[in-house]
Amino acid sequence: DAGHVKRLLAVMRTDTTPIHGVFHLAAIVEDVLVADASEDNYRHLLQPKMAGAWNLYRGLRGNDLDFWVSFSSIATVVNQPGQGSYAAANAFLDSLARYATARGDRMHSLQWGPWAGTGLANTAGTQRSFQAYAAQGIQPMPPAFGMTILDRAMTCAAPVLLAAAIDWRVFEGAYAGQPGVMEFSCVAPAETAASVVPGETAAVSPSIHGA
């Protein structure tokens with residue numbers, strides 16, 4: 001809500017400690033097929049990520065932040081049935097990161113794959129997507145790896161990164177015969193994430209046996 005965001009930032013600015021950065025973690029998952037989706041469904045799903053991030057960006061623009069990291073989702077590029085509105089919400093975060101970076105602001109959007117034991121992918125309502133990802137070689141990501149990627153991504157020049165534990169052989173097999181389903185400028189191991197150059201859409205993945 002634009003008014004609430006404006007008031008929140010006003011209160012925070014009265015503190016002696018300046019705002020150094022933003023982690024945008026807001027999310028709602030509510031799987032529904034496009035044929036069954038209503039305007040209210042889309043509004044409900046888009047508000048936290050789209051309106052929330054945009055209003056924060058407008059309120060903090062020009063603040064010379066040390067970092068801004070939006071938690072996007074692999075659903076943007078590897079969508080599953082029922083997640084069209086969720087994918088659209090995350091796609092906005094990716095576009096905002098590219099827009100902000102083009103304007104000279106610091107912003108990253110991380111398209112997270114499923115985490116092991118925690119995160120939205122482990123909730124009851126998303127188990128079908130979790131299983132579908134596993135069949136595509138997209139494996140649960142150890143939280144320690146996720147934190148390593150988060151640390152490295154904050155120094156990466158590329159505004160958008162896909163961070164996921166992927167067995168690329170299984171992934172390729174799942175999409176055999178479907179050319180053009182996905183393209184990356186580069187695929188980088190976790191330890192080289194910071195070297196991805198501006199403008200690239202990169203997939204950052206740990207070393208997986210057989211990958």
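Reply: Tyrosine 57 has a relative accessible area of 3% and is therefore buried, where buried means under 20% relative accessible area, exposed means over 50% and partly exposed lies in between, with a 1.4 Å probe and protein chains only. Please keep in mind that this is a predicted model, in which local features need a pLDDT of at least 70 and side-chain atom pairs count only at pLDDT 80 or more, while totals for chains, interfaces and linings use all residues. Residues are numbered from 1 along each chain as its sequence is written, and side-chain values use heavy atoms, leaving out hydrogens and water.

The chain around this residue has 6 helices and 8 strands, which are DSSP runs numbered from the N terminus (H or I, at least four residues, for helices; E, at least two, for strands). Of the 211 residues in the chain, 40% are buried.

Now to the rings. The whole structure holds 7 aromatic pairs, and a pair means that two rings of Phe, Tyr or Trp (its six-membered ring) have centres within 6.5 Å, with planes under 30 degrees apart called stacked, over 60 edge-to-face and the rest tilted. Tyrosine 57 and tyrosine 99 are edge-to-face, because their ring planes stand at 75 degrees, with the centres 6.3 Å apart. This pair links distant parts of the chain, since tyrosine 57 belongs to helix α2 (residues 39–60) and tyrosine 99 to helix α3 (residues 84–102), 42 residues apart.

Helix α2 has 22 residues and spans 29 Å from its first C-alpha to its last, close to the 32 Å expected at 1.5 Å a residue; the expected span is 1.5 Å times one less than the number of residues. At glutamine 47 helix α2 bends by about 60 degrees, and proline 48 follows within four residues, the bend being the angle between axes fitted to the seven residues ending at a position and the seven starting there. The buried residues of α2 include Leu45, Leu46, Pro48, Leu56 and Tyr57, and what covers the buried residues of this helix includes α1 (2–13), β1 (21–24), β2 and α3. After α2 comes glycine 62, whose phi is positive, near 90 degrees.

Finally, tyrosine 57 has a polar partner. The side chains of aspartate 105 and tyrosine 57 make a polar contact at 2.5 Å, a term for a pair of N or O atoms within 3.5 Å; within protein, one of them must be able to donate a hydrogen and the other to accept it, and residues adjacent in sequence count only if both atoms are side-chain atoms. Aspartate 105 sits in the loop between α3 and β3 and is partly exposed, with a relative accessible area of 25%. If neighbours within four places in sequence are left aside, aspartate 105 is in contact with Tyr57, Arg61 and Ala100, contact meaning heavy atoms within 4.5 Å. The C-alpha atoms of aspartate 105 and aspartate 64 are separated by 7.4 Å, although these residues are 41 residues apart along the chain.
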